[in-house]
Amino acid sequence: MDDDQRLPSLVIVLAQVAAERETMNAHAESLDGKAGVVLGFAGLLVGLGATAQVAVSGRAIFQVGLAVAVVAAIPAAWAFLPRRYPVLEVEQLRQVNLPASEAETRLELLDTRSRW
């Protein structure tokens, strides 16, 4: 008996694992990029503010802007922390659905994605 008969859903499970990995990587890259831009901009403003010579009349506005930049840096830094992201449990998919028929596996994937 060849692999196609023993593991009828091998192609579907393999494609799903690759898709889930790509989704997770794209999500992480997107978050890193967005947080990096905000954090870099806030760092630039804070750095410029620390070395700027401000006239007495503009000192209050400058200090408010500097405080806003520092406050913006906090959620940007927080965005770098890893969090849970809804992905399919591919190990469970492999164990349960690999020997199942293609139709059963496709139906289970459809049901699972419909609940998200």
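Among contacts between residues at least 6 apart in sequence, what share join residues at least 24 apart? In this protein the share is 81%, where a contact means heavy atoms within 4.5 Å.

## Model and confidence

Welcome to a predicted model, in which local features need pLDDT of at least 70, side-chain atom pairs count only at pLDDT 80 or more, and totals for chains, interfaces and linings use all residues. Residues are numbered from 1 along each chain as its sequence is written, and side-chain values use heavy atoms, with hydrogens and water left out.

The mean pLDDT (the predictor's confidence in each residue, from 0 to 100) is 77 for the protein, and 84% of its residues reach 70 or more. Confidence is lowest in helix α1 (residues 3-6), with a mean of 65, and highest in helix α5 (residues 102-114), at 83.

## Overall layout

Let us walk along the chain. The protein has 5 helices and 0 strands, in the pattern α-α-α-α-α. Helices (H or I, at least four residues) and strands (E, at least two) are DSSP runs, numbered from the N terminus.

Of the 116 residues, 17% count as buried; buried means under 20% relative accessible area, exposed over 50%, and partly exposed in between (1.4 Å probe, protein chains only). The accessible surface comes to about 8700 Å², and carbon and sulfur atoms account for 63% of that surface. These areas come from the Shrake-Rupley method with a 1.4 Å probe, and for residues only the protein chains shown count as cover.

## The nonpolar core

In soluble globular proteins, nonpolar side chains tend to be buried together. Here the largest nonpolar core has 6 residues: I12, V13, L88, L93, L98 and L109. Such a core is a set of buried Ala, Val, Leu, Ile, Met, Phe, Trp, Tyr and Cys residues joined through side-chain atoms within 4.5 Å.

Leaving aside residues up to four places away in sequence, L93 touches V13, Q16, L88, L98 and L109. L88 lies in the loop between α3 (59-78) and α4 and is buried, at 12% relative accessible area. The C-alpha atoms of L88 and R21 are 9.8 Å apart, although 67 residues separate the two along the chain.

N97 belongs to helix α4 (residues 90-97) and is buried, with a relative accessible area of 4%. Not counting residues up to four places away in sequence, N97 is in touch with S9, Q92, E104, T105 and E108.

A35 sits in helix α2 and also counts as buried, at 4% relative accessibility. Its C-alpha atom is 6.0 Å from that of A79, which is 44 residues away along the chain.

## Surface features

Which residues make the nonpolar surface patch of about 390 Å²? They are F41, L44, L45 and L48, and L48 is located in helix α2 (residues 10-51). Patches are made of residues with over 30% relative accessible area and no salt bridge, with like charges joined within 9 Å and nonpolar side chains (Val, Leu, Ile, Met, Phe, Trp, Tyr) within 5 Å.

A salt bridge is a side-chain nitrogen of Lys or Arg within 4 Å of a carboxyl oxygen of Asp or Glu, and the count by this rule is 1. E102 pairs with R106 in a salt bridge, their closest N and O atoms being 3.8 Å apart. The two residues are 4 residues apart in helix α5, so about one helical turn separates E102 and R106. E102 itself is partly exposed, at 39% relative accessible area.
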